[in-house]
Amino acid sequence: MILVENFGKNEGNLKMYLHNTDTNTVKKPLVVVLHGCGQTAKSAAELSGWNKIADSGHFMVLYPQQKFWNNPDLCFNWFNKNDIERNKGECASIAEMIQFALENYLVNKDSIFITGFSAGAAMCVAMMAAYPELFKSGASFAGAAYKLADNAFEGIKVMMGKRNVAQSLLVNNVQEQYKDFKGTYPTMIIYQGKNDPVVNPVNAQYIADQWNGLNNIDTAKYQIINAYMGIKNITRKQWLNADSVPKVILYEVNNLGHRLLVKPGAALQEGGRIGTFGVNIGYHATYYTARDFGLIKF
């Protein structure tokens, strides 16, 4: 993983790291990974195991990293209006990193994805809202819907589940951000622990409601798979668009707190690190996210 300097104006004052070991001279997908509070690009890479999958799947991984002067807890400022709007603050810096990668590396502009954990997940949703044309899909792990907060105090209320928001407002929050967007909004993948003491699970449904509304999908109509991939605690809900393609996917995990699902091991479907933010229940969420992104074939 290398530090990339001078990637743009960097209004949001972030760092850029890039993992790219593939030597094929063809354009390849790019996955943007946003760390959680108290983490760094390096610790997010080790926790999630994205680099290992990238090496096998022949794609690149971009890791934006927060700075202490922006947020002493090293959280991305997903609750700060000046950091989550198009062409402003931290969102603008992340967009510049992606543009730099497009201009200086072999990146397929039609295969760019974004994911994040906790504050990084909320910023992932913000990036998808502010720059929907950039991304094919995104995955939020314990995140929040776009623009439910515009300051730190409101951010705490959101995390605690103390916001009651209509779907129409959730959708409007995104549409008002980029009024001239005429394309299809990216596919949204959501993971949420049902026993998360940090991010109330209601936030997962808000994200689903927001992105179903953006894609004109009836939130009340979904398919459900219990014991997904043989793991009894994981339920997958998916909402299909008019072409019967899943556009919003929600994984609800029983008995999961504020952690990523990892499965350390050498096999492709294994990886990640157990610790404060990683727990092993026999399911490597990063691997299955790569499958949902289409980066790894079934």
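**How many salt bridges does the count come to by the rule used here?**

Start with the rule: a salt bridge is a side-chain nitrogen of Lys or Arg within 4 Å of a carboxyl oxygen of Asp or Glu. With that rule, the count comes to 11.

Some ground rules for the rest. This is a predicted model, where local features need pLDDT of at least 70 and side-chain atom pairs count only at pLDDT 80 or more, while totals for chains, interfaces and linings use all residues. Residues are numbered from 1 along each chain as its sequence is written, and side-chain values use heavy atoms, with hydrogens and water left out.

**Exercise 1. Trace the salt-bridge network that contains Glu46.**

Step 1: begin in helix α1 (residues 41-48), which holds both Lys42 and Glu46, four residues apart, or about one turn. Helices (H or I, at least four residues) and strands (E, at least two) are DSSP runs, numbered from the N terminus. The closest N and O atoms of this Lys42–Glu46 salt bridge are 2.6 Å apart.

Step 2: look for another partner. Glu46 also meets Arg273 in a salt bridge, at 3.1 Å from N to O. That pair ties together distant parts of the chain, since Arg273 sits in the loop between β11 (260-262) and β12 (278-280), 227 residues from Glu46.

Step 3: Lys42, Glu46 and Arg273 are linked in a network.

Step 4: check exposure, where buried means under 20% relative accessible area, exposed over 50%, and partly exposed in between (1.4 Å probe, protein chains only). Glu46 is partly exposed at 29%, and Arg273 is partly exposed at 47%.

**Exercise 2. Work out the strand order of the open sheet and find its edges.**

Step 1: pair the strands; two of them pair if DSSP finds at least two bridges between them. The 10 strands then line up as β1-β2-β4-β3-β5-β6-β7-β10-β9-β8, with mixed pairing.

Step 2: read off the ends. β1 (2-4) and β8 (223-225) each have a single partner strand, so one side of each is left without a neighbour in the sheet.

**Exercise 3. Describe the surroundings of β3 (28-34).**

Step 1: take its neighbours. β3 runs parallel to β5 over six bridges, and three bridges join β3 to β4 (residues 60-65), also parallel.

Step 2: find facing residues. Val33 is opposite Thr115 in β5, and Val32 is opposite Leu62 in β4.

Step 3: Seven of the seven residues of β3 are buried.
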